[in-house]
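Q: Please take a close look at the salt bridges in this model and at the parts they connect. I would like one connected account.

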Amino acid sequence: MTENISLLGSTGSIGTQSLDVCRKNGFGVKCLTASSRVDVMEEQVREFKPELVCMMNEDAAKELKVRIADTPTRVVSGMEGLVECAVYGGADTVLNSVVGMVGLEPTLAAIDAGKTIALANKETLVAGGHLVMNLAKRKGVNILPVDSEHSAIFQSLQGSPRKSAVKKLILTASGGPFFGKTLSELETVTAAQALKHPNWDMGSKITIDSATMMNKGLEFIEAKWLFDVPNDAIEIVVHRESVVHSAVVYQDNSMIAQLGVPDMRIPIQYALTYPERVESPVKELSLADYGKLTFFEPDYETFKCINVCKEAIALGGLHPAAANGANEESVKLFLGGKIKFTDIAYLNYEAMKNASDKKDFTLDDVLSADRAARNYVLETVK
């Protein structure tokens, strides 16, 4: 069980819920990081009294230094500061909840430092899965999933006597706000419409990813790396109620699933208390209140982003990193009103196809593939 954490991305949705779990369970918070939300960070510093804080934005770091000058908390900035928080000696667990590719480098640094990783940053494994899992194996480091779907699979696997007993993994998907829509209907949807998720309260980037179902494609890749199964042993099922968070099918065709109300504090807490289970601030699931649960095949023709990710991991090499980088840029453009919702899948696919098949790559190779994919998107839109 965790004693002290370094929380990367503390002002976002996952970060604030993680602090709620820390507050309830009494985990020490040694480090906090954020991008630029100085007001929220100041409140967190005064409550949790971390020893070290990083603001990615240098101006924000300067402002925070002035605001918390009466505290002993030290303030650093940029990627160098983020990595310093990831390897900080006072923390035994690093909970990485930053959004995007920025999460890869500090994850690798934390693994190298021997920290337990509670991972909510899916881009770490999507872009650098080969690097991350190999390093974790060499260092004997545990990577505990925080995403609700991967946590559900991880929990369901506790019932397996051996890996060979597993037949396939079931990744459930809410289907987002546009479930049942046709491709032509999605041509004109707005950012405001796409940001209205039916079940989860998330940041804008991951909410758009849920609407395009790119999020489920990224989770497909993440599951491949986390659980080391063949691509064809991962199945995606749309489950509108978000109660069955995912499941494992065994060789005897029995299925073990993890259920709960849609609240991220359950998987966050399990990652921090593993292998123990303790009382949760989340309300108990009542199946009778739901009455029925529904399941559907994904519409791959309409939500093409899933196919982008499946092809990327099948091709291997730097294709997943390119798909992820392109998507981050495409989502920014859509939120900024520069492209249509349906352009996201097209741009992601074309950028992904242009990437290298290089199998034995370095961190620099991943970062280069990421930049190239982003530039491709920006130049295409120009």
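A: In this predicted model, K358 counts as partly exposed because its relative accessibility is 39%. K358 forms a salt bridge with D365, and the closest N and O atoms of the pair are 3.0 Å apart. D365 is buried, with a relative accessible area of 18%, which falls under the 20% cut-off for that class.

Elsewhere, salt bridges that share partners join D39, E42, R46, E63, R67 and D70 into one network. Several of these residues also belong to a helix contact: D39, E42 and R46 are among the α2 residues that meet α3, where E63 and R67 are among the partners. The contact also includes V38 and M41 in α2 and A60 and L64 in α3. By class, its residues divide into 4 nonpolar, no polar and 5 charged. Helix α2 covers residues 38-48 and helix α3 residues 58-67; they pack at an angle of about 40°, with their axes 10 Å apart. The two helices are therefore oblique to each other, and their crossing is right-handed.

A further salt bridge pairs E51 with K30, with 3.1 Å between the closest N and O atoms. E51 lies in the loop between α2 and β3, and K30 in strand β2, so the pair ties together parts that are 21 residues apart in sequence. E51 is partly exposed at 36% relative accessibility, and K30 is partly exposed at 21%.

E301 and K304 also meet through their side chains in a salt bridge, at 3.8 Å from N to O. E301 is exposed, with a relative accessible area of 56%, whereas K304 is partly exposed at 33%. Over the whole structure, a search finds 27 salt bridges.

Methods. Residues are numbered from 1 along each chain as its sequence is written. This is a predicted model: local features need pLDDT of at least 70, side-chain atom pairs count only at pLDDT 80 or more; totals for chains, interfaces and linings use all residues. Side-chain values use heavy atoms; hydrogens and water are left out. Axes are lines fitted to C-alpha atoms, for helices over the stretch in contact, and angles run from 0 to 180 degrees between N-to-C directions. Helices (H or I, at least four residues) and strands (E, at least two) are DSSP runs, numbered from the N terminus. Angles under 35 degrees count as roughly parallel, over 145 as roughly antiparallel, 65 to 115 as roughly perpendicular and the rest as oblique. A crossing is left-handed if the near helix is turned anticlockwise from the far one by less than a right angle, and right-handed if clockwise. Contact means heavy atoms within 4.5 Å. Ala, Val, Leu, Ile, Met, Phe, Trp, Tyr, Cys and Pro count as nonpolar, Asp, Glu, Lys and Arg as charged, and the others, Gly among them, as polar. A salt bridge is a side-chain nitrogen of Lys or Arg within 4 Å of a carboxyl oxygen of Asp or Glu. Buried means under 20% relative accessible area, exposed over 50%, partly exposed in between (1.4 Å probe, protein chains only).
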